[in-house]
Amino acid sequence: MTHTFDVAAVLFDNDGTLVDSYEGIVASWTEWAIEHEVSAEQLSGHDGRSTKEIVRDIIAEERYESSLARIDALEELHAEKTVAAPGAHEALESLPREAWAVATSGIRPVASARLAAAGLPVPEALISSSDVERAKPAPDIFLRAAELLGVAPTDCLVVEDAPHGVTAAKAAGCAVLAVTTTVGADALEGADAVVGGLDEASFAYVDGRVKVTVPGGVSRRAAAASPRKSL
C-alpha cells in the first residue's frame, strides 16, 4: 500500500539526499584529518551535524578558526566530485521553484558548488547552518526554510538522510521522508516513511500542492541498504 504526502512545499537536505557528495567529503576530511592529526574515530558519528560543530568538538579553541576555514576551503575545492542522487533531477523538475527549498547543515558556498557540480538548480531558498543560530538537530533550519517559502512548517515535507535531520524536522512540525543513503532505516526512527532514495518516490505538483507518493512501509531497497557514513 502506497502513502502520499500532500503538502505546500518540500524541504530537501542536500548531502546524501539531493546529491552524492561522498567522494568529495571523504577526500576533504581525509586531507584535513592528516593535516590536523585527527583520527578516523574522532571523525565518526557526526552525520547531519554542521562543520563548525564537528571542528569545535575536535580542535582546540586557539586553532578553531583556522581549522574551520581550512575544511571549508577543502570541501569547496572537492565539490567538483559531486554527482546528483538517483531521482534528484526528476524530483526537482516536477516542482516549481516556489514549492521547494534546500536546508543543509553545510555552508552556502559548498552547498551551492555541490548542487552546480551535480547539474541541479541552486535555489534562492537555500538555508545553511550560517543562516541560523542553531544547526540540526535543532529545528531552526527547517523553520527558516518554511518561512522563506511563505508556508507553515506543518505543511512541509522534509526529505532527509541523517538522524539529526529527522529529529530537527520533527521538532519543526514537518512530515519526514527519509532516504537510506547514509545510514540504515533503523537509525531513521521518527520518519513518516523510509525509502532507498529519491528514485523510489514520485513527485508531482497538482493544483498548487505537492504530492509525494512512496511505497508503503520500508522499501525493500531501504531495508537491504548497506549504509555508508558521510565522515
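## A walk through a predicted fold

Let's start at E147, which is found in helix α7, covering residues 140–149; helices here are DSSP runs of H or I with at least four residues, strands are runs of E with at least two, and both are numbered from the N terminus. The model is a predicted one, where local features need pLDDT of at least 70 and side-chain atom pairs count only at pLDDT 80 or more, while totals for chains, interfaces and linings use all residues. Residues are numbered from 1 along each chain as its sequence is written, and side-chain values use heavy atoms, leaving out hydrogens and water.

Is E147 buried or exposed? E147 counts as exposed because its relative accessibility is 54%; buried means under 20% relative accessible area, exposed over 50%, and partly exposed in between, using a 1.4 Å probe and protein chains only. Although E147 and A125 are 22 residues apart in sequence, their C-alpha atoms are 9.8 Å apart in space.

### The whole chain

The protein chain holds nine helices and 11 strands. Its radius of gyration is 17 Å, close to the 17 Å that the globule rule gives for 231 residues, so the chain is as compact as a globular protein of that length. (The radius is taken over C-alpha atoms, and the rule is 2.2 Å times the number of residues to the power 0.38.) Along its principal axes, the C-alpha trace spans about 55 × 35 × 30 Å. Buried residues make up 51% of the 231 residues.

The chain carries 19 positive and 36 negative side chains, and the centres of the two sets lie 2 Å apart. Lys and Arg count as positive and Asp and Glu as negative, with His and the chain ends not counted; each charge is placed at NZ of Lys, CZ of Arg, CG of Asp or CD of Glu.

### Inside the protein

In soluble globular proteins, nonpolar side chains tend to be buried together. Here the largest nonpolar core has 32 residues, and those with the most contacts inside it include V10, F12 and F203. Such a core is a set of buried Ala, Val, Leu, Ile, Met, Phe, Trp, Tyr and Cys residues joined through side-chain atoms within 4.5 Å. A second, separate core of 26 residues includes A125 and A168.

Which residues does A101 touch? Not counting residues up to four places away in sequence, A101 touches V10, L11, F12, A125, A145 and L149, where contact means heavy atoms within 4.5 Å. A101 lies in strand β5, residues 100–103, and is buried, with a relative accessible area of 0%.

S50 sits in the loop between α2 (40–43) and α3 (51–58). At 0% relative accessibility, S50 counts as buried. Leaving aside neighbours within four places in sequence, S50 is in contact with S105, S129 and A135.

### Backbone details in loops

| Residue | Phi | Relative accessible area |
|---|---|---|
| E37 | about 55° | 75% |
| D207 | about 50° | 76% |

E37 is in the loop between α1 (22–36) and α2, while D207 is in the loop between β10 (202–206) and β11 (209–214).

Where is the cis peptide bond? This bond joins K136 and P137, with omega at about 20°. P137 belongs to the loop between β6 (126–127) and α7.
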